[in-house]
Each structure stands twice: as C-alpha cells, then as structure tokens.
Amino acid sequence: MSSWNVPGGAAHAAKDPAQTTASGLPVPRYVSLKSDRVNVRAGPTMDQDVSWIYTRAGLPVEVTAEWENWRRVRDSEGAEGWVYHSLLSGRRTAVISMKHKDELATLYDRPDKDSAVAARLQAGVVAHVKHCGNGWCRIVGNNFDGWVEQQRLWGVYADEKID
C-alpha cells in the first residue's frame, strides 16, 4: 500500500478536542459500508488502483484518517485502504469477535449473564448496534435480538456508550 502524506498526520486522536478533519467528525470512529460493492483503493484518489472490493453492505470499518472526500478505513482483520466517503454510512454495526473462531458468543435477553439465552452467534456475524453501555450492547440481526458483552464485538470501542 502506498504511503500518503495526509495533513495533520495519518490519524487524529478521538479524544483530541482541537482536531480538524475534512468531515468535522472524530477520527478514529466506526462506520459501516453502505453498499454491497465498495472499492478499496491504495490511495485517496480515483486514479489509484483498486486493492480489493468489499461485497457486504453493513460491514463495520474504522475510519483512521481523512483526506478531502476520502476515508482511510481498517476492517476487523486489520486490512487498510481508502474509500470514497459516500460509500460509508454512520449506521453502527459490529461483527462478533471471538478468541477462537469455533467459539460462540452468547446473546442474552437482558444485559445480565443470569438472564435467558436468546441465541449463540458465530464469529464473523454482523449485527446492527442499537445500544451500548456498562459493558453490554444490544444487537439486532437476521433472526436475533439481544444483549452481548461489549468485548465480544469489533465495531464499538471498549468504553463507548451508544444510545
């Protein structure tokens, strides 16, 4: 991947109140893919080669830098590249992340390990994030709705609150 000299450095600290970005939004931040076909480029211009193509709308990615209308994103596997801003959505999603791929994440009826089990989800399942707080997130997806421990998700920060 090419290295780009992006003004303000490669990434701005999310908690830095003095940061200025092209969008006016904090960097880093999580967003999701808007389309089933998103080209990821080696650099922030249409002239750059397409490095790969995402084929799953709703996949969460982390914006790590901005350059004009381009966003450098990182996915849950650590791959990074540049995406045009209009292909990204502020809608929050997350992917189930487990230490071992064969482990299942338990989804509960309430944000409490003593509540009923609503489902068990495989690593890689993508869900819409409805709420996060106190170490728990309510997630919704195809045929499931419940609460999961926040640490089981890639697409939300450890102490992030989402309403």
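This is a predicted model: local features need pLDDT of at least 70, side-chain atom pairs count only at pLDDT 80 or more; totals for chains, interfaces and linings use all residues.
Cysteine 137 is buried, because its relative accessible area is 0% and the cut-off for buried is under 20%. Turn the view to look at the S-S bond: the angle about it is 110°, and the link is right-handed. A search of the whole structure finds one disulfide, so defined by sulfur atoms within 2.5 Å.

Next, the aromatic rings. How many aromatic pairs does the structure hold? There are five. Select tyrosine 30 and tyrosine 157. Their ring centres lie 4.5 Å apart and their planes meet at 40°, so this pair is tilted. The pair joins distant parts of the chain: tyrosine 30 sits in strand E1 (residues 29-33), and tyrosine 157 in the segment after E14, 127 residues apart. Is tyrosine 30 buried or exposed? Tyrosine 30 is buried, at 9%. Tyrosine 157 is partly exposed, at 24%.

Move to tryptophan 52 and tyrosine 54. Here the ring centres are 5.9 Å apart and the planes stand at 90°, so the pair is edge-to-face. Tryptophan 52 is partly exposed at 26%, while tyrosine 54 is buried at 7%.

Last stop: tryptophan 154, in strand E14 (residues 153-154). Tryptophan 154 is buried, with a relative accessible area of 17%. Ring pairs link Trp154 with Tyr30 and Tyr157 into a cluster. Tryptophan 154 and tyrosine 30 are 124 residues apart in sequence, yet 9.5 Å apart in space, C-alpha to C-alpha. Beyond its neighbours within four places in sequence, tryptophan 154 has contacts including Pro60, Arg74, Asp75 and Val95.

Conventions
Residues are numbered from 1 along each chain as its sequence is written. Side-chain values use heavy atoms; hydrogens and water are left out. Helices (H or I, at least four residues) and strands (E, at least two) are DSSP runs, numbered from the N terminus. Buried means under 20% relative accessible area, exposed over 50%, partly exposed in between (1.4 Å probe, protein chains only). Contact means heavy atoms within 4.5 Å. Rings of Phe, Tyr and Trp (its six-membered ring) pair if their centres lie within 6.5 Å; planes under 30 degrees apart count as stacked, over 60 as edge-to-face and the rest as tilted.
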